[in-house]
Amino acid sequence: MATFGLRYFAQLRSKYKGVFWRVEIAERDYSGPSEEMEFAGGSPLSITWENRGDEFYVPVKASEATINVICHDNFHFIGLFTSDPRRWRVSIYRNTVLYWRGFVVAHRLIEPDSMVFGNRAQPHLRPVLGRKGQRSHDL
């Protein structure tokens with residue numbers, strides 16, 4: 001079993017009901033210091049769940065998560081863009097309880113290549129199982 005070390009994290013308290021959210025991005029076989037990310041925009045974290053029929057008979061729900069963070073240095077998060085689909089594990093906690101877990105999908109990492117300070121990086125995350133969802137749950 002692979003071991004994951006915390007590489008990046010970000011946290012916020014939502015305006016809706018004051019829910020505490022924490023996003024952790026861990027790298028496989030990493031041991032070193034972790035770095036705090038800064039959320040960006042009006043929708044810094046979004047989880048989308050697939051809407052398929054009767055919930056009771058669907059044991060695995062396909063989902064995806066998108067986070068928006070500020071990238072202060074160009075290509076700072078370029079390491080997230082990798083051909084290894086299980087290198088970066090993402091855990092999202094809601095009030096300190098694990099709410100969602102998946103991996104970074106490299107082909108959807110958006111980091112502008114301009115020299116403007118404070119670009120937005122948008123890692124696109126997917127769970128181990130599943131496809132792009134149909135129902136959005138913005139946090």
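A residue counts as buried under 20% relative accessible area, as exposed over 50%, and as partly exposed in between, with a 1.4 Å probe and protein chains only. By that rule Trp-21 is buried, at 3% relative accessibility. This is a predicted model, in which local features need pLDDT of at least 70 and side-chain atom pairs count only at pLDDT 80 or more, while totals for chains, interfaces and linings use all residues. Residues are numbered from 1 along each chain as its sequence is written, and side-chain values use heavy atoms, with hydrogens and water left out.

**Aromatic pairs**

- Rings of Phe, Tyr and Trp (its six-membered ring) pair if their centres lie within 6.5 Å, and planes under 30 degrees apart count as stacked, over 60 as edge-to-face and the rest as tilted; the count by this rule is 5 aromatic pairs.
- Trp-21 and Tyr-99 form an edge-to-face pair, with 5.3 Å centre to centre and 80° between the planes.
- This pair links distant parts of the chain, since Trp-21 is in strand S2 (residues 20-28) and Tyr-99 is in strand S9 (residues 97-104), 78 residues apart; strands are DSSP runs (E, at least two residues), numbered from the N terminus.
- Tyr-99 counts as partly exposed, at 30% relative accessibility.
- Ring pairs also join Tyr-8, Phe-77 and Trp-88 into a cluster.

**Loop residue Ile-78**

- Ile-78 lies in the loop between strand S7 (69-71) and strand S8 (88-94), and Ile-78 is partly exposed, with a relative accessible area of 45%.

Technical notes. Helix = DSSP H or I, 4+ residues; strand = E, 2+ residues; numbered from the N terminus.
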